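Reader: Please take me through this model one feature at a time, with the general idea before the case.

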Amino acid sequence: MFDFTVAGHVVPIFLLVLTGFTVGVVGGFIGVGGGYMVTPALIVFGFPGYMASGTDACHIAGKSVISSIRHRQLGNIDWTIALSMVGGTMLGVELGVRLLVYTKNIGLSGVVLLAASVAVMLGLFIYTQVETQKSHKKLTADRKAGKEIGREVKVSTLPLFFQRIPIMPIIKARKARLVISMWVIVIVGVFTGVLAGFLGVGGGFIRVPALVYVVGTTSHLAVGTDLVEIIVSGGYGALRQSMEGNVDFMAVFFMIIGAMMGAQFGSLATSFVRGPAIRYILSYSLILATVGAAMRLVYVLTGGTAEWLAFIAVVFTLGEMVFLCLFICTLVWFAVRHQNGKTVPEWVPPLVVTA
Amino acid sequence: MKTRGAIKFVVWAALAVALCSYALYAHETGKIDQMYYHSTKLDGYAVNTKEFFNATKENPALLQIGKADEINGLMAVPVKKGDLLPKGANGVIEKKIVDEGKRAKVQGDKLVVMVPWQIKESKGFKYRDRFIHKGVKTDPWSGVWNVAMTIGIGLCLGFMAEGLTDMLGWKIKKIEHFGH
């Protein structure tokens, strides 16, 4: 047990280390900060809501540094895209926070926040799931036909549209092998930043699909590049939250210790899989988070009468964290078995790499 | 490669241990608390809320009112907006609340606390509304300290882990994004 004097609660250290580890695995694999999972977990441990949110923002910045170092070693970061996006992301986050304050002032905050979360995440889930299933089918067909399969397979033609926009300056992202107007990247940064600031999260679950389907990077590059963005946006968020007095540094400290191990595993796990596997897990993460947010929305809309809904929403969110972590571990285990020539379920071989 | 990895691991591990030790030292000596519970943003009484968490209307807590640099036990130190908080304080009971007399009131030289916490609701979550953190202003530099320490520890642990895998001879290849 540890007395978190700032948060005003006594919590077992292992719970925070475990939370850091679990979110580290998921975040390192799909390139998200995991704010939508950690904040409810901290609330369940007894942290006040504002303290949970601020502590989470600070932990995300530290965890993203750890993941980014490993993704840099794996070659998963396109620095041109990351640096082009930083300014837009910062501006977007600030606009999002101001929009949140405005809706709060007119008394709409809770409902608008939850409804926006549900709508955005549901839309992203549907698009990502449909596109990834098509990619999976293509991978399976190519494999059966004996064709060589690349690390990345996408069937979306959206990036081609955005890459054709001829507004100067045009930049060349060498690692991602694409040429695109810098304004597209900046606007993606602003848009995802607004959503992140408004929804009070790091924004990885919006930015990774945006990098894949708008900018046109591979899933692996989107994960690594997004984690660099999260260092900046999370660091800025952490600074603001700390100055407001919403951060318990010791809780951040113990979660980072757990994240050190989890983020290593999650980041290295990306080297075992093809792009669609990352997008599948991202989409599952999106739908699970959507269900959790939808339950809280129903609870708020019913005037808080169905108390069991709020409780189930929190339990569901925590379950999601563990489920995603176990899913990633299982996928890596199957990948290793497949590499060693052992039997694996039929859906696995197209999603993992053999060497 | 293994020798370079070993050097990298040792250097970053030493830095990580130094930073982590400093963080624990700052916690143990109360430096973190002092930065967090820095000054007050309203007029009222600085208190240590842990001392009267179990108080009830039937069995209220009686806090001795008086000036002090440190709060030990059931004490309430009168503070004005902008004053530095005494050591050990973790909340301020606003003068307005004391004047209302529903949750706390003054009786002679004692502050009587009857309702130390109550259930409230925000964004679909029910929570305990306590006096802890109330009226407390954090030292703005604590934000810089928090972020610098977080990023610093993240960097040290990240490079330490990288050094460890190099030292163990694990060949971590760059991913061929466009190859097979």
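**Reading the model**

Author: The helix α1(A) is mostly covered, since 13 of its 18 residues are buried. Here a residue counts as buried if 20 or more other C-beta atoms lie within 10 Å of its own, as exposed if 12 or fewer do, and as partly exposed in between, with C-beta atoms placed from the backbone. Helices (H or I, at least four residues) and strands (E, at least two) are DSSP runs, numbered from the N terminus. This is a predicted model, in which local features need pLDDT of at least 70 and side-chain atom pairs count only at pLDDT 80 or more, while totals for chains, interfaces and linings use all residues. Residues are numbered from 1 along each chain as its sequence is written, and chains are lettered from A and ligands numbered from 1 in the order in which they are written.

Reader: What should the 18 residues of helix α1 of chain A span?

Author: The expected span of a helix is 1.5 Å times one less than its number of residues. For α1(A), residues 13-30, that gives 26 Å, and the end C-alpha atoms are 26 Å apart, which agrees. Just after this helix, A:Gly31 takes a positive phi of about 75°. The 28 residues of α4 of chain B (140-167) can be read likewise: they should span 40 Å, and the end C-alpha atoms are 41 Å apart, which agrees. Just after α4(B), B:Gly169 takes a positive phi of about 80°.

Reader: Which residue has a positive phi although it is not a glycine?

Author: That residue is B:His133, with a phi of about 75°, and it is found in the loop between β9 and β10 (136-137) of chain B. B:His133 is buried, because 21 other C-beta atoms lie within 10 Å. The C-alpha atoms of B:Glu58 and B:Met35, 23 residues apart along the chain, are separated by 36 Å.

Reader: Why is strand β4 of chain B largely enclosed by the rest of the structure?

Author: Four of the five residues of β4(B), residues 75-79, are buried, so the strand is largely enclosed. Its pairing is read from bridges, and two strands pair if DSSP finds at least two bridges between them. Strand β2 of chain B (44-47) runs antiparallel to β4(B) and is joined to it by three bridges, with B:Tyr45 having B:Pro78 as its bridge partner. Strand β3 of chain B (61-65) pairs with β4(B) in the parallel sense over two bridges, and B:Ile65 stands opposite B:Ala76.

Reader: How many helices and strands are there in chain A?

Author: Chain A has 12 helices and four strands.

Reader: How many residues does the contact take from chain A and from chain B?

Author: Two residues are in contact if their C-beta atoms, placed from the backbone, lie within 7 Å. The contact takes 48 residues from chain A and 40 residues from chain B. On the side of chain A, the elements that give two or more residues are α3 (49-74), α9 (219-243), α10 (249-269) and α11 (275-301), and α3(A) gives the most, with 11 residues. One residue of helix α9 of chain A is A:Ser242, which is buried, with 29 other C-beta atoms within 10 Å. Not counting residues up to four places away in sequence, A:Ser242 touches residues including A:Gly54, A:Cys58, B:Ser142 and B:Asn146.

Reader: Where in chain B is confidence lowest, and where is it highest?

Author: The predictor's confidence in each residue is its pLDDT, from 0 to 100. Chain B averages 85, and 94% of the residues score at least 70. Confidence in chain B is lowest in strand β9 (125-130), at a mean of 68, and highest in helix α1 (2-28), at 91. Where pLDDT is low, the predicted coordinates should not be read in detail. The model scores ipTM 0.82 and pTM 0.84.
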